[in-house]
Amino acid sequence: MSIALSVVHLPPVSSPFSARSTPPRPINDGRRSSRDEFIRSLPTEGSLRLPDARRAAVMPALFLGQLHRELAHDLDDASRHLIYKFGYEWALQEMILLSRTVQEEFGAGGNLDLWQMDAKFVLDRWWTVLAQAGWGRVSFDFSSLSRGFAFAELRDSSVVAALSGPVRHTEPLCHLYAGLFAGAISFYERSERHGVEIQCTALGAPVCRFAIGPGSQIDEVEMWRKQGTAPDEIRRRLT
Ligand SMILES: [Zn+2]
């Protein structure tokens, strides 16, 4: 039996070791932080659990930054793709779990598969857990889904936070998120979708923005972005 792991992001206020060694405390002792309530440490079984009993792995900001710096030292195409695929596969696993949960909740009435539900309802629900896990706030726009495209805006990117510093970035950084959004929407659409970041806060933008759609057109989007096409103009061309 495979064990699904959800990945929790810890901002750099404490080490993963403190989270791992925190003994369980009663829920209403008045001292629990929202993170403690979200991640339960079970030292006897050597695991961390989310409120729905799923096992969790913790990815502290330190590790997230190091992963990008070491694995993607120059952020060449191969390392970008690896990080993107990590996000993509992670999202697929999360969506399989969500699909089961939704079927259990609505299982008695038929017409219940995830892809028969409203896209925004499904994706918002998926992201709620990731937002609680520290991965930032996301708003989805599915108004062009009939044409095969979706858009996402991300605030508080953990990747940008982890890589903040004196280095001046010249390319968007959030390939992990592009993979996450592409994986989740591929699952929902039952058709492979690709994702690309068209605007990143690492380059001074107020929010990170992503386009998700069929591979050939997303390749074109990436080309437009590299040519300097503004995000709003990219979006206009896709809708
Ligand atoms: Zn970004």
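Q: In what order do the four strands of the open sheet come?
A: The order is β5-β6-β8-β7, and the pairing is antiparallel. Please keep in mind that this is a predicted model.

Q: Which strands stand at the edges?
A: β5 and β7 (194–199) do. Each has a single partner strand, so one side of each is left without a neighbour in the sheet.

Q: By how many degrees are neighbouring strands turned against each other?
A: On average by 25 degrees, with direction ignored.

Q: How many bridges join β5 to β6?
A: Five bridges link strand β5 (residues 137–141) with strand β6 (residues 150–155), and the two run antiparallel. Within this pair, Arg 137 has Arg 155 of β6 opposite it.

Q: And what joins β6 to β8?
A: Again an antiparallel arrangement: five bridges connect β6 with strand β8, which covers residues 208–213. Here Leu 154 is placed opposite Cys 208 of β8.

Q: Which helix lies across β7 and β8?
A: Helix α8, residues 215–226, lies across both, and runs at about 20 degrees to β7.

Q: Changing topic: how many helices and strands are there in the protein?
A: Nine helices and eight strands.

Q: What is the span of α4?
A: Helix α4 (residues 77–106) has 30 residues and reaches 42 Å from its first C-alpha to its last. That is close to the 44 Å expected at 1.5 Å a residue.

Q: Which residues of α4 are buried?
A: Among them are Ala 91, Met 95 and Leu 98, as well as the aromatic residues Tyr 84, Tyr 88 and Trp 90. The buried set also includes Arg 80 and Glu 94.

Q: What is Ala 184 in contact with, leaving aside neighbours within four places in sequence?
A: Its contacts are Ala 91, Met 95, Leu 123 and Trp 126. Ala 91 and Met 95 are buried residues of α4.

Q: Finally, what share of the residues count as buried?
A: Of the 239 residues of the protein, 33% do. As for contacts with a separation of 6 or more, 57% are between residues 24 or more positions apart.

Notes
Residues are numbered from 1 along each chain as its sequence is written. This is a predicted model: local features need pLDDT of at least 70, side-chain atom pairs count only at pLDDT 80 or more; totals for chains, interfaces and linings use all residues. The expected span of a helix is 1.5 Å times one less than its number of residues. A residue is buried if 20 or more other C-beta atoms lie within 10 Å of its own, exposed if 12 or fewer, and partly exposed in between; C-beta atoms are placed from the backbone. Two strands pair if DSSP finds at least two bridges between them. Two residues are in contact if their C-beta atoms, placed from the backbone, lie within 7 Å. Axes are lines fitted to C-alpha atoms, for helices over the stretch in contact, and angles run from 0 to 180 degrees between N-to-C directions.
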